[in-house]
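Here is my note on the model, as numbered points you can check against the structure.

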Amino acid sequence: MTAQTLLQPRSGLEHTPDWWRGAVIYQIYPRSYQDSNGDGIGDLRGIMERLPYIASLGVDVIWISPFFTSPMKDFGYDVSDYCDVDPMFGTLADFDALVATAHRLGIKVLIDLVLSHTSDQHPWFIESRSSRENARANWYVWADPKPDGTPPNNWLSIFGGSAWQWDATRLQYYLHNFLTSQPDLNFHEPQVQEALLDVARFWLERGVNGFRLDTINFYVHDAELRNNPALPPEMRNATIAPAVNPYNHQEHLYDKNRPENLEFLRRFRAVLNEYDAAAVGEVGDAQRGLEILGEYTSGGDKVQMCYAFEFLSPVAPQAAYFAAVIGQLDAAAPEGWACWAFSNHDVMRHITRWDLTPAAARCYATLLLCLRGSVCLYQGEELGLQEAELAFEDLRDPYGIEFWPEFKGRDGCRTPMVWAPDNQNGGFTQGNPWLPVAREHLHLAVDAQERAPDALLHHYRRAIALRHAHPALMRGAMTEITAEGDVLSFLREEAGETVFCAFNLSHDPATLRLPKGNWLAVGQELNSSGPGEDGLVHLGPWQPCLVVKR
C-alpha cells in the first residue's frame, strides 16, 4: 500500500450515527508530539504537521490530551480557562485549522475534557474562595473542619495525603482528589453542571467530534461527606494508584462512584446527540471498574463508551486473564461498550511494563485490534517505544516526585515522540525539549521504521487495516471466548461474517483445532497461521491464527 493510498480520506465512519463503535483512536499528548516553534514543547501546529503520518496509520480518530489555558501544575489537567488554548500550544485559530485538516483526511477529533476539577487559578475558584457569600461560593466542595480542626472526613488524594486542603479566607476545607492546586467542582450545584455543558457546546460548535472525559467517575461526591470504609489488604491492587500509595487502602464509596453521576451523564449525552458526537469516559476504580463501565454506557442515554484499567495492568495479561475480563465485562455490561488500551499517558509503556519481546509486542498489537470494543493507541506505541529511564533531576511529574523512587511517576511514558534517528532530539524540536528525548528511542524513530519493511510500525498499519476490512472485527459480537493453556481464542460475528481469532501468548509452540466449518486463512501479513495437513493449527511462539468462515 502506498503512502498516497494511505492518505486518502476514509468514509467508512462518516455517515453512521455509531461511527465511534469499533473505532481506532490515536492518543496524542500534545506537549510531546511535535514542536513547531523551537520552544521545546509540542503544540497544535506540530500536531497538524504530523496529521499525514497519523492518517497513514489508518486510524479513525485522534484524541488530544488537554491544551487549555493552565498553570501546568499537572500539565494541562489543571484548567484555568476551558474555552481557550494555552499560548504554549498555540491559538484557537491553530486549533480550528487542526480540526479542519484532520477532517479533510477523514480523521475525527476528540479532545480531553477535565470536568471533575479545575486549577486553583480558574476565575471560578478565585471567586468561590473569596467568601462564603459570593455568587460562586457553592461551585466547589467546601466543608467545615471537625471540632478538633481536622479535615471533614478520611478521604485521600490520589496524589498522596488528605483530599482536603485548608483555606484561610473561608476558614473551611476544600476537596481535591488530585493536587491541592486542583480543587473539585461541586456537581450538586446546578449552575456548575450548566457551565460545564456550555463548555462542551463551545468545542462542539468548533467542530470537535466528541470528548475523552477525564476521571468520569470522580464528578459527584457524597453530599453527606461520609467516611470511606477501609479496604482489606487482600482486595487491594495497584491498577489505579501505585502500591506505595495509601489511596489503595480505602474502598472508594463516597468520594467517587456516586449514583447521582448518572443523571449528569444523561444531560451530557443529550448535548452530544445534538451534534452526532461521542464521548469515551475514563473510569478510574480498582474494584468496580467494569461494573461502572456498564452503568455509564448502558441504555443509550449516557456516554457511548468507557475504558477501565484492566489491560493497563502491571503484569502482562495471559490467555486466562483476557477470557476472565471479557467474561466479567459481558456480565457487568451486557449493553455496554468498552474502549481498550494497553498504554496511555498515565502508565508505564506496556513494552516495558510487560517486558515484551518484539514477537510478543506484535502478537499483543494484533490481539488488541481484534477485540470487541473501540481501541485506543498511545503515541509511540506503534513504534514499540519502551519506558524512558529518567534521572530524578529530570522529572517534571509531581506524582513521581512525591513517591520517588518506589514510583517514578508518568514522565517515562511522556518523553517526546521520535521522528528521525539522526537528530539528538529525534526530530521533535530544534530547541531544548521539556523532557529529555530517550537515547534508546532514536533507533525506533518513524523515519527509520518507514524504511524497514519488517518494522513494528508497518505491523500496526496492517493490523488496523485488517480490522477495517472485516465488519466482524469492527463491530461484531464476541463469543466462544476460550483460554486453553496459553492460547486465547474467540469468534467475532457481524452481518453474516464470522472471524475466528486465536493467539498463542507464550514463548512455546501450541496447537489448536478450528471450530467446525470451512475456513479461509487471512492476516498472513500479520504472521497468521492456518490449518496444517493434519487438520490442526500449529502456532509458533506469539503467533496468531486468523480465519474467516467461507
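**Notes on charges and rings**

1. Let me start with a salt bridge: Asp397 pairs with Arg410, with the closest N and O atoms 2.7 Å apart. A salt bridge here is a side-chain nitrogen of Lys or Arg within 4 Å of a carboxyl oxygen of Asp or Glu. Asp397 sits in the loop between β13 and α12 and Arg410 in the loop between α12 and α13, so the pair ties together parts that are 13 residues apart in sequence. Both Asp397 and Arg410 are buried (buried means under 20% relative accessible area, exposed over 50%, partly exposed in between, using a 1.4 Å probe and protein chains only). Helices (H or I, at least four residues) and strands (E, at least two) are DSSP runs, numbered from the N terminus.

2. A word on the source. This is a predicted model, in which local features need pLDDT of at least 70 and side-chain atom pairs count only at pLDDT 80 or more, while totals for chains, interfaces and linings use all residues. Residues are numbered from 1 along each chain as its sequence is written, and side-chain values use heavy atoms, leaving out hydrogens and water.

3. The structure holds 27 salt bridges.

4. Glu389 and Lys408 also meet in a salt bridge, at 3.6 Å from N to O. Glu389 counts as exposed because its relative accessibility is 60%, whereas Lys408, at 42%, counts as partly exposed.

5. Please also look at Glu387, in the loop between β13 (374-378) and α12 (398-403). Glu387 is buried yet has no salt bridge, and the nearest side chain of opposite charge, Arg349, is 5.3 Å away. (Lys and Arg count as positive and Asp and Glu as negative; His and the chain ends are not counted.) What lies by the polar atoms of the Glu387 side chain? The backbone nitrogen of Arg349 is 2.8 Å from one such atom, and the backbone nitrogen of Cys413 lies 3.4 Å from a polar atom of that side chain. Residues that Glu387 touches include Val347, Thr352, Gly409 and Glu440 (contact means heavy atoms within 4.5 Å).

6. Now the rings: a search of the whole structure finds 45 aromatic pairs. Rings of Phe, Tyr and Trp (its six-membered ring) pair if their centres lie within 6.5 Å; planes under 30 degrees apart count as stacked, over 60 as edge-to-face and the rest as tilted. Phe178 and Phe218 have ring centres 5.2 Å apart and planes at 40 degrees, so the pair is tilted. Both Phe178 and Phe218 are buried.

7. Tyr219 and Phe264 have ring centres 5.8 Å apart and planes at 80 degrees, so this pair is edge-to-face. The two residues link distant parts of the chain, 45 residues apart: Tyr219 is in the loop between β9 and α7, and Phe264 is in helix α7. Tyr219 counts as buried at 1% relative accessibility, and Phe264 counts as buried at 1%.

8. Finally, ring pairs link Phe311, Tyr321, Phe322, Trp340, Phe342, Trp354, Tyr364 and Trp542 into a cluster.

How values were computed. Lys, Arg positive; Asp, Glu negative; His and termini not counted. Polar contact = N/O pair within 3.5 Å; in protein donor to acceptor, adjacent residues only side chain to side chain. Lists of a residue's contacts leave out its neighbours within four places in sequence.
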